[in-house]
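Hello,

I am passing on the structure we spoke about. Please look through it first; my notes on what was found follow below.

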Amino acid sequence: MDSRRSTQLIRRTIALLYVGVLVLVPLVVVTWKTVSPGPSAFWKAISSDQAVTAFRLTAEIALASVALNAVFGVGLGLLITRYRFPGRRLLSALADLPLSVSPIVVGLALVLVYGPVDGWFGSTLDSAGIKIIFSLPGMILATTFVSFPLVLREVVPVLAEEGIEQEQAARVLGASAWQRFLRITLPIIRPALLYGIVLSLARSIGEYGAVLVVSGNVSGADQTQTVPLLVGERVQQLEPGAFQLAFLLIVVTVLVIVLVFLRRRENESKHSEPPAVVLDDLALSAADPAPTALALDRAASNDAASNDVALDSVAPNKGGLR
Amino acid sequence: MSTVVEPATAASPARTRAARDASGAARLGAGSGLGLGVAVLWLSLLVLIPLAAVVSRGFSGGWSGFWDNITDPSAVRALRLTVVSSLLVAAINAVMGTLLAWVLVRDTFPGKRLVDVIIDIPFALPTIVAGLVLLAVYGTDSPVGIHLLGTQRAIVLGLLFVTLPFSVRAVQPVLMALDREVEQAAACLGASPFTTFRRVVLPLLLPAIASGATLAFARAMGEYGSVLLISGGLSRTKVSSMYAYQKIENFDFPAAAATATVLLAVSLLVIVGLDQLQRAAARRG
Amino acid sequence: MKPWRLWRRGAPLIAAGAALALAVTACGGSDDSSDAGASSGAGPNAGQSVAIVGYSVPKPVYDALQDAFLKTDAGKGVKFSETFGASGTESKAVASGQKADFVTFSLDPDMTRLVPKFVAESWNSDSTRGQISNSVVVIAVRKGNPLHITGWDDLIKPGVKIVTPDPASSGSAKWNILAAYTHTLAEGGTDAQAQDYLTSFFKNVVSKPASGADATTTFTQGTGDVLISYENEAIGAKQKGVDLDYVIPKESFLIENPAAITVSSSAAAKAFLAYAKSDEGQAIFASKGFRPTDKNATIGTVQGANDPSKPFPTVEKLTTITDLGGWSKVNKEFFDADNGIVTKIENASG
């Protein structure tokens with residue numbers, strides 16, 4: 001018994017040390033570097049014209065990107081789970097693709113298509129006076145790209161499991177498609193949708209690499225610097241105020257995580273099944289086709305019993321003891 | 001009797017063929033067809049066409065042009081650094097992630113919930129903030145006296161920082177749903193805790209561990225903002241994303257696109273690999 | 001329903017609402033922000049905008065120039081925007097469509113790339129041949145000069161780690177390399193000896209950041225023992241509080257930076273260029289560590305210089321680009337992507 005206790009303690013210590021050194025120490029250092037120059041330096045850093053414009057830009061881009069992803073996320077989710085058509089599985093896999101693409105590659109990809117000089121569409125658009133790269137629309141595209149599947153991945157599992165019967169009943173009773181959506185589907189997916197929106201918002205606020213490439217990093221009257229870009233510039237130009245802005249972004253991140261955490265705990269107590277992975281959903285640069293692919297699998301196999309991947313993979317391995 | 005079909009009920013073949021299949025999915029009508037068209041158009045304009053442009057520009061000099069760009073010594077060095085660091089990070093995540101998940105699921109101590117929340121932070125941070133954070137702690141002004149600026153260790157450290165939760169979050173749910181009876185049976189039969197872990201628990205966790213490690217690998221391959229500052233501008237700490245950015249800055253798009261194509265190929269392989277892993281996990285038992 | 005459950009339900013909505021509120025507040029804030037840029041008077045150029053695109057190091061001086069210009073009659077009400085980066089990169093960006101009214105680069109070739117499509121052919125037909133500021137190449141060292149660097153030959157000693165930008169994108173890099181190369185010639189050496197020196201030099205280079213400003217940042221954050229840079233950048237760094245010293249070597253190279261307005265620019269841009277070249281403007285350049293183009297200009301004290309009262313000592317052996325036959329010749333001979341002397345040496349040292 002004693003050795004078991006001590007292994008438990010050792011494990012705990014190693015785990016805590018790892019997390020502490022990797023995460024806590026840096027956060028403490030940054031907080032200290034933010035507050036030690038004092039409150040007036042803090043105020044100056046976040047209230048300068050450049051900073052205020054950066055806040056505004058970030059908010060505009062994030063809201064536009066989240067709105068686009070919510071609309072297309074729900075739309076695609078409905079199409080994938082409620083209809084059958086050739087290429088459905090391919091579409092679902094392609095929709096997951098953006099999560100695993102490097103942000104620099106995202107920026108390059110958009111410049112190659114929408115750039116004003118050589119872009120596939122960009123040169124024509126530019127002569128029509130529509131500026132995408134080096135301008136707000138390009139930044140919105142870049143941010144929308146990197147957070148594209150976040151809402152989709154949240155609503156698809158819910159859509160695949162729930163609401164089908166109610167929708168069909170409503171259909172029989174004569175409700176139009178729009179009414180069915182508003183009255184039945186939307187309330188059912190609302191928690192998942194909001195959750196996906198919060199994730200998408202966090203991602204959109206914090207994007208750096210992709211926006212850096214498409215924006216041209218302009219400050220002043222035609223500023224194209226978002227808050228993360230401004231942090232980067234202040235560091236590179238040895239100007240003060242980088243830590244203060246970064247600190248604000250950290251605070252926003254922590255708020256989002258706490259919200260997500262609370263939402264998951266609520267679902268957990270509601271459904272009394274193992275909580276789905278919290279940050280599985282925030283997998284920002286990696287693909288995890290689990291929600292969409294498995295949802296399709298489940299729908300196809302009619303297997304209402306095996307509701308949860310975790311349970312499936314946990315069935316005892318009978319040969320394990322030898 | 002009506003066209004309403006419950007998912008678990010097999011109606012007569014004639015009826016199921018009518019409008020909906022057994023799972024309730026319908027064939028496309030006019031409205032939904034249009035919706036699909038719009039969705040596909042959006043996906044193409046936003047994602048598919050731009051990524052195709054990258055591959056196209058990468059091969060704009062034909063296979064020889066692509067090959068020349070890929071085999072450029074700096075490109076090779078950057079790719080080697082990126083792959084080695086990402087593999088290392090995936091491996092470390094596999095081990096530490098499992099350990100962390102174990103502690104979070106099986107252990108109780110004050111502050112456990114706090115640890116659970118903290119784990120998600122570095123990954124959700126804007127990448128440039130993560131980079132600044134690393135520079136503050138491990139740069140030349142390090143308040144803890146650790147100076148790692150411009151070292152490959154620093155790159156690995158940065159990548160570990162942003163990929164911290166991947167394995168943990170993949171393993172956690174599986175561990176939670178584990179049926180303790182088998183472990184207890186093993187203990188009754190005289191197996192040591194380690195043997196129980198090795199022969200009973202670990203095989204069940206392996207798909208989740210692998211999937212978490214793969215996610216970490218994919219994120220690490222493409223990471224930019226968090227390793228930018230700590231790299232110190234040295235060529236030995238330039239990862240592929242930084243190399244591609246440098247080429248973009250110099251308006252050498254074919255070279256940038258060639259490296260980007262390689263990174264994209266890795267992303268695609270990861271997606272396919274993960275898909276296979278998840279299907280294998282779902283089919284078990 | 002328990003209150004905390006209600007809270008959890010509503011939390012995402014609150015988050016969305018907070019984001020919206022932030023956007024609205026920020027929108028309100030930005031109206032105030034334009035006051036800093038515009039004064040209430042109605043100057044002749046009020047309301048016009050000037051987009052400055054420049055090489056990486058002169059941001060501090062252009063910030064100061066803007067502040068001063070906005071107080072003049074010609075500058076009242078003008079709106080400025082700016083982007084600074086590696087000289088080559090910014091030049092190519094403008095050539096690719098980045099908006100610019102006022103452009104300034106580290107060296108002439110980055111300007112001539114834009115002629116005649118973006119910059120008029122007559123850009124350098126004025127009294128200063130289109131140049132707006134001068135400088136010299138210096139060697140920046142850690143505070144106290146712990147390695148006792150006195151000149152170029154100390155740099156090729158084993159173990160000395162040099163930071164100098166990448167000539168593929170940076171203008172500063174080219175000036176640095178030319179200075180390193182020609183110092184041998186200035187001492188009576190041959191071209192072969194100069195190339196040998198450059199080879200040893202590159203063996204000691206540990207970092208090649210994309211721009212002059214990036215190089216300063218890289219050096220400041222702890223990489224390397226010496227930084228090769230503009231004199232004005234070393235002074236500027238000291239003005240920002242960076243802990244470094246700089247050595248003006250016996251042999252150096254005269255740096256000349258061009259500036260011009262683009263063909264699509266406003267009258268405000270033209271006025272700004274005139275202001276920058278005026279005595280007032282040049283005094284601001286001097287205060288930030290740039291050597292004025294007019295040799296007879298009066299120079300006050302310059303904080304950050306080795307000797308603030310005599311900030312710009314004469315360099316004993318100063319080579320100029322004219323001595324080497326002009327930039328077209330030099331660019332081809334030294335920096336041609338396939339056959340340039342420097343390209344070959346760089347590739348050899350890996």
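N145(C) sits in the loop of chain C that runs between strand 4 and helix 5 (152-155); helices (H or I, at least four residues) and strands (E, at least two) are DSSP runs, numbered from the N terminus. This is a predicted model, in which local features need pLDDT of at least 70 and side-chain atom pairs count only at pLDDT 80 or more, while totals for chains, interfaces and linings use all residues. Residues are numbered from 1 along each chain as its sequence is written, chains are lettered from A and ligands numbered from 1 in the order in which they are written, and side-chain values use heavy atoms, with hydrogens and water left out.

Most residues other than glycine have a negative phi, and most peptide bonds are trans. N145(C) is not a glycine, yet its phi is positive, at about 50°. With 16% relative accessibility, N145(C) counts as buried (under 20% relative accessible area; exposed is over 50%, partly exposed in between; 1.4 Å probe, protein chains only).

F134(A), also not a glycine, has a positive phi of about 70°. Its place is the loop between helix 6 (122-127) and helix 7 (136-146) of chain A, and at 22% relative accessibility F134(A) is partly exposed.

In chain C, the peptide bond between V115(C) and P116(C) is cis, with omega about -5°. P116(C) belongs to the loop between helix 4 (108-112) and strand 4 (131-142).

In chain B, D120(B) is part of helix 5 (residues 112-124) and is buried, at 0% relative accessible area.

Regards
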